[in-house]
Amino acid sequence: MKKLQKKNRPTCMTRRMLITGGCSFTVHEPVIPYLMDEKIVTWPRIVAYELDMELINLAEPGASNAFIENVVTDAILKYKNENPVVMVLWSQPHRVNVNDCFTDTNFKLDNYKHVKHMPVSIDDWPYTIAKASLRSMWRTQNLAKQFGLNYMHHLGCWRLNESRISILSENTIYNQLQKDWYYKNLDFSMNEIEWGIVDWYKPVPGDGHPDQWSHHKLAEMFIDKYERQTSKMEFIYE
């Protein structure tokens, strides 16, 4: 893969702000051991360097998509008048927020105590949590659009066929999601919904998190989306 190189862009007195959200695939180095041991620079730092932006990285290890939505929403509302760029790498749908404040990263469908009080059957749970994540994505995207901000996102360690999600046949879940309003109003293909980035990224041996090549690839994906979006806006206003 071709290494990203910083492009010459017009300098200004104040650098534009970059707000990023996600889980351990996005978190600052060296917060968690694999980043420190492997000397890995994560994609938000690469993007901020390449685009010459001031970085505010809100990612937390093990974060659920509801947690990501919450912290990114708060940041958008706080900094909206500074015209930030917002980039989100969404997490796994089986990470479920408790009371909208805490994340249970060890949720398993066979641990019945977690779901017996929920107003949903275990058979409906896979679609319910996938829909909840898509709802978080749609709300975050549309909040950014409401304030006219540049916003782009990708699915990260999301895996719809993860055993902790899918106790039904795959076709059942996909059929439900293809009819889902949030899915229809987001820009993800069903292949992305099924696999996220796990079908192409290269994990650190013995760890599972993205290696340096993968972080450069993620940065390239976000930068490409940003430049297509800003080029389209420049064309419209010229």
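Aspartate 52 sits in the loop between H2 and E2, where helices (H or I, at least four residues) and strands (E, at least two) are DSSP runs numbered from the N terminus. Its phi is near 55°, a positive value in a residue other than glycine; as background, most residues other than glycine have a negative phi, and most peptide bonds are trans. With a relative accessible area of 32%, aspartate 52 is partly exposed, on a scale where buried means under 20% relative accessible area, exposed means over 50%, and partly exposed lies in between (1.4 Å probe, protein chains only). This is a predicted model, in which local features need pLDDT of at least 70 and side-chain atom pairs count only at pLDDT 80 or more, whereas totals for chains, interfaces and linings use all residues. Residues are numbered from 1 along each chain as its sequence is written, and side-chain values use heavy atoms, with hydrogens and water left out.

At 36% relative accessibility, asparagine 83 counts as partly exposed.

Side chains of opposite charge can pair when their charged atoms come close. A salt bridge is defined here as a side-chain nitrogen of Lys or Arg within 4 Å of a carboxyl oxygen of Asp or Glu, and by this rule the count comes to 4 salt bridges. In one of them, arginine 15 pairs with aspartate 52, the closest N and O atoms being 3.6 Å apart. That pair links distant parts of the chain, since arginine 15 is in the segment before strand E1 (17-21) and aspartate 52 in the loop between helix H2 (43-51) and strand E2 (54-57), 37 residues apart. Arginine 15, at 43% relative accessibility, counts as partly exposed.

Another salt bridge joins arginine 139 to glutamate 69, with the closest N and O atoms 2.7 Å apart. Because arginine 139 lies in helix H4 (residues 125-146) and glutamate 69 in helix H3, the pair ties together parts that are 70 residues apart in sequence. Arginine 139 counts as partly exposed at 40% relative accessibility, whereas glutamate 69 is buried, with a relative accessible area of 8%. Helix H3, which holds glutamate 69, covers residues 65-79.

A polar contact of 2.7 Å joins the side chains of glutamate 69 and arginine 139. Leaving aside neighbours within four places in sequence, glutamate 69 is in contact (heavy atoms within 4.5 Å) with Trp90, Ser136, Arg139 and Thr140.

Helix H4 itself can be checked by its length. The expected span of a helix is 1.5 Å times one less than its number of residues, so the 22 residues of H4 should span 32 Å, and its end C-alpha atoms are 31 Å apart, which agrees. H4 is followed by glycine 148, whose phi is positive, near 70°.

Lysine 217 is partly exposed at 27% relative accessibility, whereas glutamate 220 counts as buried at 18%.

Turning to sulfur, a search of the whole structure finds 0 disulfides, a disulfide being a pair of cysteine sulfur atoms within 2.5 Å. The sulfur of cysteine 23 is 3.7 Å from the closest cysteine sulfur, in cysteine 157, which is too far for a bond. Cysteine 23 is buried at 1% relative accessibility, and cysteine 157 is buried at 5%.

For the protein as a whole, the secondary structure comes to 8 helices and 6 strands. Buried residues make up 48% of the 238 residues.

How values were computed
A polar contact is a pair of N or O atoms within 3.5 Å; within protein, one must be able to donate a hydrogen and the other to accept it, and residues adjacent in sequence count only if both atoms are side-chain atoms.
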